[in-house]
Amino acid sequence: MSSQTPDDPSTYELDPTITQRLRFNDAGLIPVIVQAAGTKEVLMMAWMDQHALAYSLATRRGTYFSRSRNEYWIKGLTSGHVQEVASIRADCDGDTLLMEVHQTGAACHTGTRTCFDADLVG
């Protein structure tokens, strides 16, 4: 096991029993739907790799892997809009996660509470 460093998700390792239950894509990522604990409001969708998931489980801080920046993103580290992880569940196929959080401030990078409040498609 790696030596864990605060605020460095890459140093956290996922428990092998959890890894075996999940199906990460070819890039080593798994989608995660983020939902408000209590209200079940869908706040955002993001991606995690094994380190981001391990860090989220260990610290209870919503943590993701940014594909566009190719780096870890600990929600609220710079904005103060933190996510306290209440639970993380896998779907029946183990290829998508549902994470419930206690959200402080905006969940969306645009500054809104949810990423799903702007564009009604149908």
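Is Lys40 buried, partly exposed or exposed? At 42% relative accessibility, Lys40 counts as partly exposed, where buried means under 20% relative accessible area, exposed means over 50%, and partly exposed lies in between, with a 1.4 Å probe and protein chains only.

## Basis of the model

This is a predicted model, in which local features need pLDDT of at least 70 and side-chain atom pairs count only at pLDDT 80 or more, while totals for chains, interfaces and linings use all residues. Residues are numbered from 1 along each chain as its sequence is written, and side-chain values use heavy atoms, with hydrogens and water left out.

## The annotated domain

UniProt, in an unreviewed entry, lists residues 44-116 as "domain: Phosphoribosyl-AMP cyclohydrolase"; such positions are given in the numbering used here, feature names are shortened, and annotations may be inferred rather than shown by experiment. Over residues 44-116 the chain is 14% helix and 38% strand, and the end C-alpha atoms are 7 Å apart. Helices (H or I, at least four residues) and strands (E, at least two) are DSSP runs, numbered from the N terminus.

Phe116 lies in the segment after strand 6 (97-103) and counts as exposed at 55% relative accessibility. Together with Val42 and Met45, Phe116 makes a nonpolar surface patch of about 270 Å². Patches are made of residues with over 30% relative accessible area and no salt bridge, like charges being joined within 9 Å and nonpolar side chains (Val, Leu, Ile, Met, Phe, Trp, Tyr) within 5 Å; the areas come from the Shrake-Rupley method with a 1.4 Å probe, and for residues only the protein chains shown count as cover.

An open sheet is formed by 4 strands in the order 2-1-6-5, with mixed pairing; two strands pair if DSSP finds at least two bridges between them. Strand 2 (42-48) and strand 5 (83-90) stand at the edges with a single partner strand each, so one side of each is left without a neighbour in the sheet. On average, and with direction ignored, neighbouring strands of this sheet are turned by 25° against each other, the axes being lines fitted to C-alpha atoms, for helices over the stretch in contact, with angles that run from 0 to 180 degrees between N-to-C directions.

Strand 1 (residues 30-36) pairs with strand 6 in the parallel sense over 5 bridges, and the bridge partner of Ile33 in strand 6 is Leu98.

## Salt bridges

The whole structure holds 5 salt bridges, a salt bridge being a side-chain nitrogen of Lys or Arg within 4 Å of a carboxyl oxygen of Asp or Glu. One of them joins the side chains of Glu100 and Lys40 at 2.5 Å, N to O. This pair links distant parts of the chain, with Glu100 in strand 6 and Lys40 in the loop between strand 1 and strand 2, 60 residues apart.

Another salt bridge joins the side chains of Arg61 and Asp7 at 2.8 Å, N to O. Here too distant parts of the chain are linked, since Arg61 is in the loop between helix 2 (50-59) and strand 3 (63-66) and Asp7 is in the segment before helix 1 (16-19), 54 residues apart. Arg61 is partly exposed, with a relative accessible area of 29%, and Asp7 is partly exposed at 42%.

## The hairpin and positive phi values

Strand 3 and strand 4 (residues 71-74) run antiparallel and are joined by 4 bridges, with Tyr64 opposite Trp73 in strand 4. The hairpin of these strands has 4 residues between them, and Asn70 takes a positive phi near 55° there; Asn70 counts as exposed at 58% relative accessibility. Glu71 forms a salt bridge with Arg69, the closest N and O atoms being 3.3 Å apart.

Most residues other than glycine have a negative phi. Arg60 is not a glycine, yet has a positive phi of about 65°; Arg60 is found in the loop between helix 2 and strand 3 and is partly exposed, with a relative accessible area of 32%.

## The annotated binding site

In the unreviewed UniProt entry, the annotation "binding site" covers Asp91, Asp93 and Asp95. Asp91 is placed in the loop between strand 5 and strand 6 and is partly exposed, with a relative accessible area of 30%. Asp93 lies in the loop between strand 5 and strand 6 and counts as partly exposed at 45% relative accessibility.
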